[in-house]
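Here is a short report on one protein model. Keep the structure open beside the text and find each part as it comes up.

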Amino acid sequence: MDKLPPEFKRLFRLFYILNTRLTFLLTHSSSTIPSYDVIAKFYLPQDDLHPVDLAIIKALLPEGDVFYDYVDENQLHLLFVEKVDFNWKTGYHQHKESESIDDLKNGGGNNSDQILIFDFRDARINSIASTMFKRRKPNNVGRGDDLFFLLLKELKLQNLTTKQIQGIIASRNDKFLKCINTWLDQYSDDEVANNIPMDKLKTLAVLPVPQVFVDPIENLVTSTSSSSSSSSSTDAKQYPTIDMMLKALHQKPFYKDQIVTTKVLNPPRAAKTNTINLEFIHPDLQLGLDSLKKIDLEKDLYTHQAQAIDALISENLKHVIVTTSTSSGKSLIYQIPVLNDILWDIDSGLKGRHSTALFIFPTKALAQDQKRHLQDLIDKLPLNNKRKIIIDTYDGDTPSSLRRGIRSHADILFTNPDSIHASILAHHDTLDDHSSWEHFLKSLKYVIMDELHVYKGTFGVHVGLVMSRLRRICDSLGNVDIQCISCSATINDSVEHFKTVCGIPPTEAVVHIFEDGSPCSERRLVIWRPPPLMNKLGKTAATEQSATTSTNNYTASPFIPRESATTELAKILLQLLTNVPNIKVIVFCTIRKICELLMKEVKSLLKEQNKFGPIKVDNNDIMAYRGGYSKSDRRIIERKMFNGDLKAIIATNALELGIDLADLDVVITSQFPFLKLNLHQQFGRAGRAKDSKGSLAIFVGGSNATDQHYMTNPDELVDRSTYEDLCVTSLINGGSTDSIMEAHLQCAAYEIPLNIMEDMKYFVRETSDHDDLIKENNYSQIVLKNLIKDNKGYYRTLPKYLPDPHTKVTIRAVEEDTYAVVDLTNNRNIVIEEIEASRTSFSIYKGAIFLHQGLPYLVEEFNAEGKYAKVKRVDVDWITQQRDFTDVDPQETQLIKPLHPIDLPLPSDIPAYFGLVRSRTIVFGYFKVNRRGEILEAEEVNNPPFIVDSKGFWLDIPSSALDAITKKSLSPAGGIHAAQHALMNMLPIFVSGGATTNPNAKFSGATSSVGEAELITECKAPEKEFAKRQTTRIRPARLIFYDAKGGIDGSGISANVFKQIDHILYATYNRVVDCECVWGCPLCVCASFCKESNAVMSKPAAIIILAAFLGLDILLVAEGLPDGPEENMPSIEVETVAPVAAPIKFATDVQIVQTRRIPNEVQIKQEDEKEDDNEVKQEEEDVELDTSIIKKETI
Ligand SMILES: [Zn+2]
Ligand SMILES: [Zn+2]
């Protein structure tokens, strides 16, 4: 050592002190963190340590001996907690030491959130530890091997003897000295004299730098659209072929037989064109279309366009609905007739407007997009000194200073149903210039309603009533000739739905055009099952003894976990992007959270791109897009999307609506969205470009039962004949939406006082076979009961709605307060998201990791009063998962009805109840969960419960049924949960128009009513999570359902279901009993909407419960059922269900409802349904799900 050059002598001395002090310190105080600041204190001023010294030491030692880098303080925090334990009595628990990260910070005196750490991680210590503890705990939670000092604590190194410690220190010193000598040996004496070795070493030493957090959106903006924008505008894009894309997916080692099958969704289809009758078409319009789109009306129109335009213009048929594919040129169908009429009007020399039009879109963004397109066309029309056609937007954002001008001059208004209700109808005659609205409405010739399928459920009912009111006012102005044109995705009963939503009188004829003439490249569906992982026994493939063969085989099949759908999806995405040039991909996620998790996964895979193909992909090529992002950020992402600057978009179904992204090649859907209709809308997004050579739709199945079902029955995924029924007509006829009707009648009476007989035609829809069910005319009843008759016999608005009834009626679910998420990283202080109040308890509690563009932000402060949360970027490798439960309890009984089993002459003694229902969600804590889904830490929080009141109905389970269930060792909770699901699954047959029952949907990214829930039930969670709280959380044995919308008055859906509950129970029982599965499948008791992943499910127990309601002999029924415990369920050791002690208190005006006799018609319908079911079942005879796969996704 004495021979060393001075620089190296100093280095060795530094190392010697470091080694001695640090080793002693770490072995004696397990909570010490070897930060740079701690280490610097080892040295006296003359030895002054510099950060670069440690870097040199690291460079000199063998690779991997030393850790020297910045670590997020939040990551360090985890070092101080014991691993999470679980036992049945107390639930999850964890011991935490008092030392906190604050001590570390105080010691450091450094304001940075990232801490510079130096630590030895050489193998020697490890081996000593291993010999000391021969058997390590088997389930040792891995906490990132990067942080070696963590292991020091777990291995209890402080128990080392002094001699052992001295041994470690000495040997390390030796090793370091050897390293120095080896280094010096490479150089000549001259070089050593000239200090070359040290200079050389310094160039190898890497000084760690803290990670700089860049905002993803700012980064996107400032990035000089370099590599990514190769395809933008200049050159025509070379579209990839289906073969190229499939080849990329089949590459090993990525490909492990994940493709279950491929199906042709659409064969390639050539364009079919037809000519139209040009006699009535204005020549200017022909010129305009030719110069803008090179469309020659004589020969270039697709057959469906020609058919629709002829119907509207030449044949003068009144109303047209078009249900062809997305991007089949539907907008021309309404643009041409409207512009045509206006052009002829102008030519004829008439003054003012004679053909006005309302273009109605469900969202403002869509209206903007369409307005741009129409304006482009108008700009191409030759002017010839004639007046220009004026189009404008009239919605909630229109400044009041502009409104008057728009009312007086616009020929075409782009608007939404909300503005028709709140502005146009409300003020049709009350403004000082009311003549302008009158004029517009008098000349109103066309009502265009695009994206008709969006107007479903109660929203659809609202819109239908708004349109009926519009018609009533136009009629009163003498305008009885309005034509409606509508475009929609394929839905069941589209004509009826069209008539109801647009308020078209039942007597008027409608033309339905559905044969698509537009060309289409081949679209192929790929069904993708994530590959199996190893199970605890080391098996990676199921030994083929699957449950498909025998229904009597109750033995459990060996459980093989599979890669999570999210992780798999990220890999598919990168595999495609890095192997196929010019490819553009969109990924649809069911909910916001999945969207962010996927983005996070993608970001981490981007760091190891070399494992994928040769094409370079960077962070700015892939963006997440969903509800919640701030408006300005969304505009930026949208612009990049439209310009083609992004290679992939990861979106929620907020993007499902219209907005055109022309050049997509692949659509990937992560897990089954809530409706098949939605799924096909998503699939339809790719391959729409003119030169497309074909597209792929990839369905990646998750581990939930519904996805599993479709993996086994891929033909069902392709089948378009089984779309969900969205028609709202029966909803109105059924009288279940009386409160909505009343609200609109109050508005209508304010617009023009109601004449009860004459106005009936606007509000009573005499159609459909459901009529016999509804004898009473709910319209007249509401008018008589809830409006005030004046002395001339007209009905007027109830005073409590005055002075402005329109402001008291909102046609969408009430817009909630929003909370701002403020990013404080680098003192930015910028709002990055706006979150609805109902979501706050699930995402922005203090301590939560909030994901934004897949990047982790720590919630530092949540301020409920100020309605904001402050967040900061962190660099941690876990996410938080809230621990919550929702209790749904009836508060007050308003209606009682004895259940009347269908084949008994008299009602049974079991009642059904209807009334006020309260749901109470409590977030009691959260887990820190790593990528593998392992729990790192369990935190408790103390948040106030989130309470929502609504209307609903419930059925108390007789204790005899509970006894029968427990006697068979079945799970009552599983039975209740399964019975509730089964009933929800049957609803669409009885309650058409909005029986979407997905409770998660309200937390989804949808900004309109797309995919929102209408009816909700209480899902049972695996009890272990709540074990600690068992004493306080015993749930009554009860089936309960409640309205998702409509606030405290409910939306009417549950009232409608309550009315028909006898029949629904009967049909549900039969469906479940007839289902050939043993423990439950999506055809009977499992459901994609389940908040708890169908984990607690007992089909046999559900059968007993349903049988009890139907008055059957439950002992007899039970005899034919398998005994528990259920093999598809986690074992439950604490019972959470108890018999209902006492009925819910009665309202003062509680009513007993007489049981409705079963009309014959319905019984026949039942039979039909049953037959249909049998048919379905025969096709699926061999299908049975391996229910053991029903496992909660580890997210
Ligand atoms: Zn089943
Ligand atoms: Zn459920």
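## A residue inside the sheet

Isoleucine 448 sits in strand β10. The model is a predicted one. Is isoleucine 448 buried or exposed? Its relative accessibility is 0%. Buried means under 20%, so isoleucine 448 counts as buried.

Which residues does isoleucine 448 touch? Leaving out residues up to four places away in sequence, the contacts are Tyr334, Val338, Leu358, Phe359, Ile360 and Ile485. Take phenylalanine 359. In sequence, isoleucine 448 and phenylalanine 359 are 89 residues apart. In space, 4.7 Å separates their C-alpha atoms.

## The sheet and its helices

Now step back to the sheet. It is open and has 7 strands, in the order β8-β9-β7-β10-β11-β6-β12. The pairing is parallel. Strands of a sheet pair through backbone hydrogen bonds, and the pairing can be parallel or antiparallel. At the edges are β8 (391–393) and β12 (510–513), and each of these pairs on one side only. From one strand to the next, the twist averages 15°.

Strand β8 is joined by 3 bridges to β9 (residues 412–415), and the two run parallel. Opposite threonine 393 stands phenylalanine 414 in β9. Two helices come next. Helix α18 (residues 417–425) packs on the sheet and touches β7 and β9. The direction of α18 makes about 125° with that of β7. Helix α15 (residues 330–347) lies across β6 (319–322), β7 (356–360), β9, β10 (444–449) and β11 (483–487). Relative to β10, helix α15 runs at about 170°.

## Two nonpolar cores

How many residues make up the largest nonpolar core? There are 58. Ile957, Leu1039, Leu1065, Ile1104 and Phe1109 touch the most other members. Helix α37 (residues 1099–1109) gives this core its largest share, 9 residues.

Leucine 1065 shows the packing. Not counting residues up to four places away in sequence, leucine 1065 touches Leu899, Leu955, Leu983, Leu1106, Phe1109 and Leu1110. Another core, of 57 residues, lies apart from the largest one. Its members include Ile259, Leu598, Val602 and Phe612.

## A covered helix

Helix α23 covers residues 592–606, which is 15 residues. From first C-alpha to last, α23 reaches 21 Å. That is close to the 21 Å expected at 1.5 Å a residue. How many of the residues of α23 are buried? The count is 14 of 15, and the helix is mostly covered.

Most residues other than glycine have a negative phi, and most peptide bonds are trans. Some spots here differ. Lysine 294 is not a glycine, yet it has a positive phi of about 55°. Lysine 294 belongs to the loop between α13 (283–293) and α14 (303–313). Its relative accessible area is 60%, and lysine 294 is exposed. Asparagine 827 is not a glycine either, and it has a positive phi of about 55°. Its loop runs between β21 and β22 (830–836). Asparagine 827 is exposed, at 74% relative accessible area.

Which form does the peptide bond from lysine 252 to proline 253 take? It is cis, with omega near 5°. Proline 253 is in the loop between α12 (242–249) and β5 (259–266). The bond from leucine 802 to proline 803 is cis, with omega near 5°. Proline 803 lies in the loop between β20 (795–796) and β21 (818–823).

Definitions and conventions. Residues are numbered from 1 along each chain as its sequence is written. Chains are lettered from A and ligands numbered from 1 in the order in which they are written. This is a predicted model: local features need pLDDT of at least 70, side-chain atom pairs count only at pLDDT 80 or more; totals for chains, interfaces and linings use all residues. Side-chain values use heavy atoms; hydrogens and water are left out. A nonpolar core is a set of buried Ala, Val, Leu, Ile, Met, Phe, Trp, Tyr and Cys residues joined through side-chain atoms within 4.5 Å. Buried means under 20% relative accessible area, exposed over 50%, partly exposed in between (1.4 Å probe, protein chains only). Helices (H or I, at least four residues) and strands (E, at least two) are DSSP runs, numbered from the N terminus. Contact means heavy atoms within 4.5 Å. Two strands pair if DSSP finds at least two bridges between them. Axes are lines fitted to C-alpha atoms, for helices over the stretch in contact, and angles run from 0 to 180 degrees between N-to-C directions. The expected span of a helix is 1.5 Å times one less than its number of residues.
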